Amino acid sequence: MADRVWSDDKILQEDLERIAASDLVEWEALRDKRILVTGATGLIGSLAARALVCASAERSLNLKVAALVRNPEKGKAMLGAFLEDGLELVTGDILSPVAVDGPVDYILHGASVTTSKDFVDHPAETILTTLKGTEHLLELARQKQVKSMVYFSSMEIYGVPDAASYVELPSFIARRQNLPDSVQTAAVLREADYGYIDPLQARSSYSEGKRMAEGLCAAYAHEYQVPVKMVRLAQTFGAGIPKNENRVFAQFARSIMEGKDIVLHTDGSKAHCYCYTTDAVLGILTVLLRGTDGEAYNISNEETYSTIRGMAEMLIEKYPQSGSHLVFDIPVDANQYGYAPTSRMLICSEKARALGWRAQVALPEMFERLMGSMEISCS
C-alpha cells in the first residue's frame, strides 16, 4: 500500500488500509463505478465511504463515492479530507425523495435512527425514518437501475427468541467466559429464525421498523426486480466512534480509560455477538457484490459472543491498572434507558461466510483498538 495518510487517527488509518488491502472484496467490479452511501456521517457509513475512496486510490479504480448527508458542514468536517480523492457530498434528507444527479451504480443504505433512548422518546420518528427513508432509496435504486443495493438492518429484527430455540452453547464459548449454568444456553439464530416483538412497546419502534423495511426491500426485489440485499448487523464498534457515543461498549471503554467503575443497570445476563467495524464493512461489500437479491445475511462474529457482565469482567481483568470494579445499580424501571429486551442470541453468519466473508477481529482486540482511537480523539 502507498504511504498515504488518510487520518490523524492511526487506528482508523490502519482500518482503512486493512479494508483497502483485503482480498475478500471483488474490487474490480467497482472500477469506474459510482456508489451512493447514506448514513455517511454515521460510524459504519462513514468508514465505508472513506474506505472505498482509499481503496480506489490505492488500487487505481476510479471509483466515485457520493455521500448523502443532511448537514453539509458536518459532512465536510468528517469527510472533507477525502473530497479531492473521489468523494462528493450530496445534501439531502431520506425523509424526502432522494435526488442524485448522474448515474448511480451501487447503493449502501445505512441512514437510520441509532440511539436507544430515541427509540423510546421518538418512536414515530424512528419508524418513519426507517420505512420512508428505505422507500425513497429503493425508488432511487429502481430509477437508476443500480447493479446492487445493500440495506443495513440489525440483529434486533430477531426480537426475543422462543425458549424452545435455546440450545447448549459450544463448549469453547462457555469455558472461555466461565459462564454460570443459568446462561450456558443461547438461541442460535440463522436468517430464517424469528422471535417475538411486542409492536405496542415504544422500544419496538426500531426492531419493528427494521422488519418492515426488510419486507419492503424484499417486495421491491420481487415486484420491481430491484437488486437489493439486507445485512443484519450485530452490534458494531471500532475506531472513529463519536465522542458522545453512549452505547454500552463506549461506556465500558470510557470507564476503563478514566479509572472509573463499570456500572450495570441490569443483571448483565443479556448476551449476543459483536462485530468490528472493518469486518462489518467488508461483510457489507461482500454481500453487495456476491449476495442474492431479496435475501438477508447476518454479519456477526460468533467468536465474540458474550454476556454484558462477561464483557465488563473481561475488560476489568484485561486492564487491572484501571482500578475499575463492576457495580450494579438496577433501577425499578430499566425502560428509561431504552434497553432491548433481555435475551441470549448467538447470531450465526455461516450464510455470509459461504460468500467468502469472514470476521477476523476478536472482542479483546476490538476494545483495544476502540480505546486506542478514543485516546487519540480526546488528546
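Q: How many salt bridges does a search of the whole structure find?
A: This is a predicted model: local features need pLDDT of at least 70, side-chain atom pairs count only at pLDDT 80 or more, and totals for chains, interfaces and linings use all residues. Numbering starts from 1 along each chain as its sequence is written, and side-chain values use heavy atoms, without hydrogens and water. A salt bridge puts a side-chain nitrogen of Lys or Arg within 4 Å of a carboxyl oxygen of Asp or Glu. Across the whole structure, the number found is 18.

Q: How many residues apart in sequence are the parts that E14 and R369 tie together?
A: E14 forms a salt bridge with R369, with the closest N and O atoms 2.9 Å apart. E14 lies in helix α1 (residues 10-21) and R369 in helix α12 (residues 363-378), so the pair ties together parts whose separation in sequence is 355 residues. Helices (H or I, at least four residues) and strands (E, at least two) are DSSP runs, numbered from the N terminus. The value for E14 and R369 is thus 355 residues.

Q: Is R369 buried or exposed?
A: Buried means under 20% relative accessible area, exposed means over 50%, and partly exposed is in between (1.4 Å probe, protein chains only). R369 has a relative accessible area of 10%, so R369 is buried.

Q: Which helix holds E365, the partner of R18?
A: R18 and E365 form a salt bridge, and their closest N and O atoms are 3.7 Å apart. R18 lies in helix α1, and 347 residues of sequence separate the parts that the pair ties together. R18 is partly exposed at 28%, and E365 is partly exposed at 29%. The helix that holds E365 is α12.

Q: Which strand holds E302?
A: The side chains of E302 and R353 meet in a salt bridge, 2.8 Å from N to O. R353 is in helix α11 (residues 350-353), so the pair ties together parts 51 residues apart in sequence. E302 is buried at 18%, whereas R353 is partly exposed at 36%. The strand that holds E302 is β13 (residues 301-307).

Q: Which residues do salt bridges that share partners join into one network?
A: A salt bridge links E14 to R369. Shared partners join this pair with one further residue. The network consists of E14, R369 and D15.

Q: Which strands stand at the edges of the open sheet?
A: Seven strands make an open sheet with parallel pairing, in the order β3-β2-β1-β4-β5-β8-β12. Two strands pair if DSSP finds at least two bridges between them. An edge strand here has a single partner, so one side of it is left without a neighbour in the sheet. The edge strands are β3 (87-91) and β12 (296-299).

Q: Which residue of β8 does S154 stand opposite?
A: Strand β5 (residues 148-154) and strand β8 (residues 228-233) run parallel, joined by six bridges. S154 stands opposite L233.

Q: Which helix packs on the sheet and touches β1, β2, β3, β4, β5 and β8?
A: Contact means heavy atoms within 4.5 Å. The touched strands include β1 (34-38), β2 (64-69) and β4 (106-109). The helix that packs there covers residues 43-59 and is α2.

Q: How many residues are in the second, separate core?
A: In the largest core, L52 is one of the residues with the most contacts. Leaving aside neighbours within four places in sequence, L52 is in contact with residues including W27, L30, V65 and L108. The second core includes L140, M149, C217 and V226, and its number of residues is 25.

Q: Which residue of β13 does Y274 stand opposite?
A: Strand β11 (residues 271-276) has six of its six residues buried, so it is largely enclosed by the rest of the structure. β11 pairs in the parallel sense with strand β9 (residues 235-237) over three bridges. Three bridges also join β11 to β13, and these two run antiparallel. In that pair, Y274 stands opposite N301.

Notes
Axes fitted to C-alpha atoms, helices over the stretch in contact; angles between N-to-C directions. Core = buried A, V, L, I, M, F, W, Y, C linked by side-chain atoms within 4.5 Å.
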